[in-house]
Amino acid sequence: MKTQIIDARKQAEAGTTIGAGLIRNGELVAFPTETVYGLGANGLDGEAVNHIFEAKGRPNDNPLILHIAKKSDLKKLWAHIPDRAIPLMETFWPGPLTMIFHKADIVPYEVTAGLETVAVRMPSDKTARTLITKAEVPIAAPSANRSGRPSPTTAEHVLEDMDGRIPLILDGGACKYGVESTVLSLIGTPTILRPGAITKEMLEAVIGPVKLAPSILKPLADREVAASPGMKYKHYAPDAQVIVVEGTPEQTAKCIMTLYYDYLEQGKTVEILSTDQTHFRYRGASAVNIGDRNHPETLCANLFRALRDVGSVCEIILAEGIDTDDEGLAYMNRLLRAAGFERIDANSANMNRTQ
Ligand code: TXA
Ligand code: MG
């Protein structure tokens, strides 16, 4: 299959019309959102949704998010709308918040991977919304990467992973946030299953107490699998091995430099992901500055791109751990998963590795 790319910034009308036609025809279309690129199919057609799992190589017990273009579409997809969803929708939609609740009968089990709940979000990206509106169906879409790889934040990333597997990519340029939406379950006490740009504090300001799933910064325990199936799989892994070093910025940089030269001596190729605060400390080493530690949203915007670019030219990536306040939580959630939870405490003198 030949994969066509249409620049949706220049040919918005034609691109979304062709894309909507493909979706209605049961085919797959990759499209930009404000978080990452999605790989979309008709969310009410189980057979079309199965093609997503094939193209991604995604395990079929990992459920998908339905994307809608107007708030009123939510009532068709959920069994009913719980009270607390309303202020959340009013405050954060359109935008990077996904909410999970009991599904309506119309939602196929292919979307929910057999669960009785369904995840829904209303993206703010204009191309995404026009595509959904023209398709006249909710669009089921995971991130448009091959399963296990970093999520795509440009059309080029999608092409790397999906060339020859899908008929169309709509190119909307680089995604604004660069990490996927916050996933909030509204079953029982509201619980964040995956952190994102809409933070715990922002949600609590609207609906009161919100819990964090225990697996956000550590591997998923067996008993959590049912509530959060997506978190059990290997995620965001670039070609290179990622090691996270944690401590104060100064200690972290020192430890990273020691490791850097140790690995070079072993004959490995190594790259460092540095920050505005630490970049100068890596003079003489090969380092890519990915943003400001005090504004973790800047790190989020660049992480997946850096993992793809740097990961394809080296064997080891040394990355800095940061505080998990605000969007720092989303950043560390993705970074630790990319590293397979391989982390080093820069404070401990002997630099013992911890799991
Ligand atoms: O920003 C995003 O959310 C992007 C863009 C394309 O919208 N999409 C995305 O989809 O990240 P995906 O499939 O890569 O991640 C969806 C996450 C997975 O961790 C999945 O397990 C979880 O949401 N999820 C979906 N439905 C669920 C459900 N019913 N119960 C629990 N978790 C669910
Ligand atoms: Mg994904």
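Okay, let's start with one pair: the side chains of Glu 271 and Ser 286 are joined by a polar contact of 2.8 Å. A polar contact here is a pair of N or O atoms within 3.5 Å; within protein, one must be able to donate a hydrogen and the other to accept it, and residues adjacent in sequence count only if both atoms are side-chain atoms.

Quick housekeeping. This is a predicted model, where local features need pLDDT of at least 70 and side-chain atom pairs count only at pLDDT 80 or more, while totals for chains, interfaces and linings use all residues. Residues are numbered from 1 along each chain as its sequence is written, chains are lettered from A and ligands numbered from 1 in the order in which they are written, and side-chain values use heavy atoms, leaving out hydrogens and water.

Back to Glu 271. You'll find it in strand β13, residues 270-274. Strands (E, at least two residues) and helices (H or I, at least four) are DSSP runs, numbered from the N terminus. So is Glu 271 buried or exposed? Glu 271 is buried, and buried means under 20% relative accessible area with a 1.4 Å probe, protein chains only. Even so, Glu 271 has no salt bridge, meaning a side-chain nitrogen of Lys or Arg within 4 Å of a carboxyl oxygen of Asp or Glu. The nearest side chain of opposite charge is Arg 305, 15 Å away; Lys and Arg count as positive, Asp and Glu as negative, and His and the chain ends are not counted.

Now the sheet. Eleven is the number to remember: 11 strands form an open sheet with mixed pairing, in the order β1-β8-β2-β3-β7-β4-β6-β5-β9-β10-β11. Two strands pair if DSSP finds at least two bridges between them. The edges are β1 (4-7) and β11 (211-212), each pairing on one side only. β1 runs parallel to β8, with 4 bridges, and Gln 4 has Leu 168 as its bridge partner there.

Next, helix α7, residues 155-162. Its buried residues are Ala 155, His 157, Val 158, Asp 161 and Met 162. Down the axis of α7 they fall within an arc of 155 degrees, so they line one face of the helix; the arc is that of the directions from the helix axis to the C-beta atoms. What do they pack against? β2, β3, α2, β8 and α10, with contact meaning heavy atoms within 4.5 Å.

Last stop, β12 (241-246). β12 pairs with β15 (316-320) in the parallel sense over 5 bridges.

Conventions: Buried means under 20% relative accessible area, exposed over 50%, partly exposed in between (1.4 Å probe, protein chains only).
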